[in-house]
Amino acid sequence: MAKKVDFREATLRQLYENYGLTTADLEWEPTYVSKDEVSPPERRTRLPVKDWSKFEDPFKLFFEDYVRVQAEKETVFHDAIRLAERFGEARRINPRWVAGMKLYYPAVAQSEAEAHRGHLGLSRHSPSPALAMASFYQLLDELRHAQNDVHAMRYWVRYLDELKNWAQLYQNFWAMQVFRSLFEDMATPSDPFELVFHTNVALEMGYTNLLFVAAPTAGAANGDRVFAQLQMSTQSDETRHIALGQATLRALLEQENRDELLPTLQYWFDKWTWRHHRVFGVTGIFLDYFAENKTLSYKEAFKKYFIEGYIQGLLEDFEPLGLKPPRFLDDIIKEAENYQSHQVWKLAFQYNYLNFFETFPPTEKDKAWLREKYPNWDQVVGWYWEQVEHGDPGIVQGLPLICNLCQFPIVYNPNDPDHPTNGSFHLRTTRYNGRTYYFCSDGCQYIFEHEPEKYAHAKTLTELVIEGRAPADVEKLREYMGLEPGWGGNLFEKPIWKEWLASQGREG
Amino acid sequence: MTEVRSDLRLELMAGEEAEAIARAVQELNPEAKIEEYPGLLIIRVPSNTRMVIDRVRVEEELGRPYNLRDIQTIMAAFYGYWKETSPDRWVLEWMER
């Protein structure tokens, strides 16, 4: 008897082998409305690309299979949440890690929603049907991520009062302006292909593995399996996005007229690698500080994912096609490997009275680990924590100067590596339309000077307070940002930490 | 761009499928190395070789049928270029130079 044919399998094989045909017909001339109404010229790409047949979706994914794979991912994630709820797992997660989750979810949920918004544009206005289809899957992915982050907050909010104000925190909380500025910037690209560069290339090849793969290993090591499963599930979609980024980059760089395209592509590459470095460097505090059980240092994760994967890996393929290393690569490496996570953590502690999540000084065990991973740790921030240990509250009164591009308080000092902590920094300023703008770095200044109109109108929180548009009174400012009494502060001074230590049979 | 070419790398959510895929890759590429982290399994092969995931070998390791497209449900990260993602094998390589 002949072998029984699995008809479904045979159908999938047919579709795979004829993938081009399943997307080719997505391009048609509209008849009920004009083409300009469907896709206004200002929304379409201005890149002079001649041949879109070079673009090919490496996964050749068709909708039926997309739905099947995503449904499986959802089942696993929702099972993880159900089990965690049923067995009260949240109570057994280290409160240090939980403090980090308060910061994490409001920032990432909104960011994913903005990424969804961005891909609506590419999917609709893409000049290539195969790219439109891949982008369509991606916009569904981003929506899934946003919804799952919100769903995780629903699970957490019974334990963590702070998350009930997540939307207001995203709008007004000081540190959230860093994420909000980045993701609103990303949702309003100058060209549909700038979106591919900032999301699929610079972000998803360069940085999301730090956040969605390295950080989940730390989550798992501290008992947070919901976080670990959710973020690895998120990143499993990003792998498809990365393949889309690679394929798009290749299609663009293999055009006969690539020299015409290169200056724009290189600028996007330089700009977004810097933007993401500045913002996603925050991942460092999850690995180096929030996690009590540590898996990788930020420096190690950065080497593994950014250097090995992005610089020595994927970009190596594109150098022969004319793409040069990102302009601020030396500054990026210097900051990430020496002081980025430490300065962010110190800053977060210095403003712990204005935070909704807790921070805390590193313990002796943390310090030993930090010194091993970062030989210059004492020079960078060790002196500060020594002061805190000797009774200095370590906080800073009054808001800091904030970078007019990235919205990060100006604490970095890439041009002065020998004295990263002496309180001085090389402040960059630019005059534009009668106003002085301040920048934390050459990278941020460079971007502003290329596109001043895009960034000149935003005001930092410090500027809003000085202008009287945000409250100058600390209690009122906390309220404006979405904070309630008792939120934030030093975790080690709170009952929840003492209870945790007791539950673990450890001394306070 | 740089002097060192990084390994081809596939990072999978840990579990029996990840382990089966790792063993299947190692059978075809003895230079493959495995790293484990909480919840994560990483397969590396040298940059001048290729990583081949052969469906039949994975099925032998698992002892049941396996649809290679299900790799997408556990794939957390990859470094390389997917040269082939057919129903019978997936191949990860860097681009030709």
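Colleague: How many helices and strands does chain A have?

Modeller: Chain A has 23 helices and two strands. Helices are DSSP runs of H or I with at least four residues, strands are runs of E with at least two, and both are numbered from the N terminus. This is a predicted model: local features need pLDDT of at least 70, side-chain atom pairs count only at pLDDT 80 or more, and totals for chains, interfaces and linings use all residues. Residues are numbered from 1 along each chain as its sequence is written, while chains are lettered from A and ligands numbered from 1 in the order in which they are written.

Colleague: How do you know whether chain B agrees or disagrees with a compact globule?

Modeller: For 97 residues, a compact globule would have a radius of gyration near 13 Å. Chain B has 13 Å, so the value agrees. Chain B holds three helices and seven strands. Their pattern along the sequence is β-α-β-β-β-α-α-β-β-β.

Colleague: Why are E2(B) and E5(B) called edge strands?

Modeller: An open sheet of chain B has four strands in the order E2-E3-E1-E5, with antiparallel pairing. Strands pair if DSSP finds at least two bridges between them. E2 (33–37) and E5 (75–79) of chain B each pair on one side only, and they are the edge strands.

Colleague: How do you know that E1(B) and E5(B) pair?

Modeller: E1 (residues 8–13) of chain B and E5(B) share four bridges, in the antiparallel sense. Pairing needs at least two bridges, so they count as paired. Arg9(B) stands opposite Tyr79(B) in E5(B). H11(A) packs on this sheet, touching E1 and E5 of chain B, and its direction makes about 40° with that of E5(B).

Colleague: How many residues are in contact between the chains?

Modeller: 36 residues of chain A are in contact with 28 residues of chain B. Contact means that C-beta atoms, placed from the backbone, lie within 7 Å. The largest share of chain A's side, nine residues, comes from H14(A). That side divides into 16 nonpolar, 10 polar and 10 charged residues. Nonpolar means Ala, Val, Leu, Ile, Met, Phe, Trp, Tyr, Cys and Pro; charged means Asp, Glu, Lys and Arg; the others, Gly among them, are polar.

Colleague: What makes H6(A) roughly antiparallel to H11(A)?

Modeller: H6 (residues 129–157) of chain A and H11(A) pack at about 165°, with their axes 10 Å apart. Axes are lines fitted to C-alpha atoms, for helices over the stretch in contact, and angles run from 0 to 180 degrees between N-to-C directions. Angles under 35 degrees are roughly parallel, over 145 roughly antiparallel, 65 to 115 roughly perpendicular and the rest oblique. The angle is over 145, so H6(A) is roughly antiparallel to H11(A).

Colleague: Why is H4(A) called roughly antiparallel to H11(A)?

Modeller: H4(A) and H11(A) pack at about 170°, with their axes 9 Å apart. That angle makes H4(A) roughly antiparallel to H11(A). The contact has seven nonpolar, three polar and two charged residues.

Key
Contact = placed C-beta atoms within 7 Å. Rg over C-alpha atoms; globule rule 2.2 N^0.38 Å.
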